Amino acid sequence: MALCLETGYTSLNKTSEELCGDRVECTVCGDYTTLVLADGLGSGVKANILSTLTSKILCTMVSNDVDIEDCVETILLCLLQTKGVLLYADVFLRLHTRLN
């Protein structure tokens with residue numbers, strides 16, 4: 001029996017904002033699909049940049065079987081160390097730990 005996965009999302013910008021602070025990234029690699037949701041903790045350009053970079057980096061690394069601790073370390077070293085980035089890493093690490 002084949003398994004079919006459909007994904008989709010809608011981003012809603014705050015009133016008077018042109019960019020959304022949230023980002024969803026999806027990568028299909030062989031039989032595996034990796035989905036990452038990143039919250040930029042705010043709105044506007046800074047939140048959009050942080051959530052885009054975070055989701056792309058994590059999605060790429062996780063889909064290439066990089067150890068989760070290395071993924072989190074990369075996020076912390078590469079991105080601006082704001083409260084938002086630290087929160088992404090913390091939530092992602094906790095989620096991964098609970099699932100394993």
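Helices (H or I, at least four residues) and strands (E, at least two) are taken here as DSSP runs, numbered from the N terminus. On that basis the protein chain comprises three helices and two strands, in the order β-β-α-α-α from the N terminus. This is a predicted model, in which local features need pLDDT of at least 70 and side-chain atom pairs count only at pLDDT 80 or more, while totals for chains, interfaces and linings use all residues. Residues are numbered from 1 along each chain as its sequence is written, and side-chain values use heavy atoms, with hydrogens and water left out.

Select residues 22–29 and 32–39 to begin. These are strands β1 and β2, which pair in the antiparallel sense over eight bridges (pairing requires at least two DSSP bridges). The two strands form a hairpin with two residues between them, and glycine 30 in the turn has a positive phi of about 65°.

Next, select arginine 23, which stands opposite alanine 38 in β2. Arginine 23 forms a salt bridge with glutamate 25, the closest N and O atoms being 3.4 Å apart; the term denotes a side-chain nitrogen of Lys or Arg within 4 Å of a carboxyl oxygen of Asp or Glu.

Through shared partners, salt bridges join Arg23, Glu25 and Lys56 into one network.

Finally, select aspartate 67, in the loop between α1 (44–63) and α2 (68–78).
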